[in-house]
Amino acid sequence: QGKIPEAEERLKTAARLAPEASIVHHNIGVFYLNTNQPDKADSAFQRELEISPGYGPAHYSRGLTLQARKRYAEAALQMELATQLSPDFPDPYLALATQLSGKRPVETIQKMVDTYLRLGGNNKGMAYYDLSLAYKTVKNYAPAVKYGEMALKEDGNSYLFLRNMGQLYSYTDRTAEADTLLRKALTLTKDPSPVYIEIGMNAQKANKLDDAVAAMKKSLELSPQTGNVHLYLWRIYQRQGNKALAAKEEEAFRTWQKAEIAELTRRQKAAGTHPQPPQNPTHP
């Protein structure tokens, strides 16, 4: 009902009345996790584990709190522990697949997703998306497209699924379909700037250079600090034979790059590390 203070007070009362009831502390943890208070949530789940040691779902919940605090390595350990302690509990397998997709071998992600689905996990869209991302990372585009389309079939209005398939269609030269999905994804995000870059890259691939310029300019308008867009515009203008605008964008890119290198050098000196030579960006 949205009565958050009342809910919190009643949960605290429950904890006072039944301090050794693990379910009370679990529900308190869920409450704090859902109200974006992961530190308090973790304390509640740890108390749950003190009362019920070795309870897999509590380790899974702890993993969620650690993910919320961007402590991803620790989160993965908690999720893996959950799968060992409660091997028939599906949720940790999907959580691991989502966190590690693109970072672990495809076979590992496939096994996690297969186990999740076999155990009755119902978030099929995210499961298929994780597989699509894993195959996309190793540039195995046929299964990436297959699983991406399966994810989109589960939820045709998911920003993640739409953008993923827009990228994949572009990579596989289905540029018209890519443009349609990427433009739909634009309407579902608070930060459309990177999607405009992808629209521009896709238009360039389709040899629609004016459309590519328009998309890149829109991205730069929304996010002026993303200076690598000047590099993309420089290359497009070169293809169009517009030497004056190409030179202007080259100068803008080099100015941005020098500032980036100077900032990186400052940070590395402050951290006591040696600066590394910058790499030119390619596809975002």
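## A bridge between α3 and α4

Let's start with a pair of charged side chains: arginine 62 and aspartate 42 meet in a salt bridge, with N and O 2.6 Å apart. Arginine 62 belongs to helix α4 (residues 56-68) and aspartate 42 to helix α3, so this pair ties together parts that are 20 residues apart in sequence. Keep in mind as you look around that this is a predicted model.

Are these two residues buried or exposed? Arginine 62 is buried, since its relative accessible area is 15% and buried means under 20%. Aspartate 42 is buried too, with a relative accessible area of 4%.

## More bridges to find

How many salt bridges does a search of the whole structure find? It turns up 18. One of them joins the side chains of arginine 47 and glutamate 20, at 2.8 Å from N to O. This pair links distant parts of the chain, 27 residues apart: arginine 47 is in helix α3 (residues 38-51), while glutamate 20 is in the loop between α1 (4-17) and α2 (22-34). Arginine 47 is partly exposed, with a relative accessible area of 24%. Glutamate 20 is exposed, because its relative accessible area is 53% and the cut-off for exposed is over 50%.

Now jump further along the chain. Glutamate 198 forms a salt bridge with arginine 163, and their closest N and O atoms are 2.7 Å apart. Here the partners are 35 residues apart, with glutamate 198 in helix α12 (residues 193-205) and arginine 163 in helix α10 (residues 159-171), so distant parts of the chain are again linked. Glutamate 198 counts as buried at 4% relative accessibility, whereas arginine 163 is partly exposed at a relative accessible area of 21%.

## How α1 and α2 pack

Time to look at whole helices. Two packed helices are described by the angle between their axes and the distance between the axes. For α1 and α2, the angle is about 155 degrees and the axes are 9 Å apart. The two helices are therefore roughly antiparallel to each other, because the angle is over 145 degrees. Their crossing is left-handed.

Which residues make the contact? From α1 come Ile4, Ala7, Glu8, Leu11, Lys12, Ala14 and Ala15, and from α2 come Val24, His25, Asn27, Ile28, Phe31 and Tyr32. Sorted by class, the contact of α1 with α2 has nine nonpolar, two polar and two charged residues.

## How α9 and α10 pack

What is the angle at which helix α9 (residues 141-154) and α10 pack? It is about 150 degrees, and the axes are 9 Å apart. That makes α9 roughly antiparallel to α10. α9 passes α10 in a left-handed crossing.

To trace this contact in the model, pick out Tyr141, Ala144, Val145, Gly148, Glu149, Ala151 and Leu152 in α9. They meet Phe161, Leu162, Asn164, Met165, Leu168, Tyr169 and Tyr171 in α10. By class, this contact has eleven nonpolar, two polar and one charged residues.

Methods. Residues are numbered from 1 along each chain as its sequence is written. This is a predicted model: local features need pLDDT of at least 70, side-chain atom pairs count only at pLDDT 80 or more; totals for chains, interfaces and linings use all residues. Side-chain values use heavy atoms; hydrogens and water are left out. A salt bridge is a side-chain nitrogen of Lys or Arg within 4 Å of a carboxyl oxygen of Asp or Glu. Helices (H or I, at least four residues) and strands (E, at least two) are DSSP runs, numbered from the N terminus. Buried means under 20% relative accessible area, exposed over 50%, partly exposed in between (1.4 Å probe, protein chains only). Axes are lines fitted to C-alpha atoms, for helices over the stretch in contact, and angles run from 0 to 180 degrees between N-to-C directions. Angles under 35 degrees count as roughly parallel, over 145 as roughly antiparallel, 65 to 115 as roughly perpendicular and the rest as oblique. A crossing is left-handed if the near helix is turned anticlockwise from the far one by less than a right angle, and right-handed if clockwise. Contact means heavy atoms within 4.5 Å. Ala, Val, Leu, Ile, Met, Phe, Trp, Tyr, Cys and Pro count as nonpolar, Asp, Glu, Lys and Arg as charged, and the others, Gly among them, as polar.
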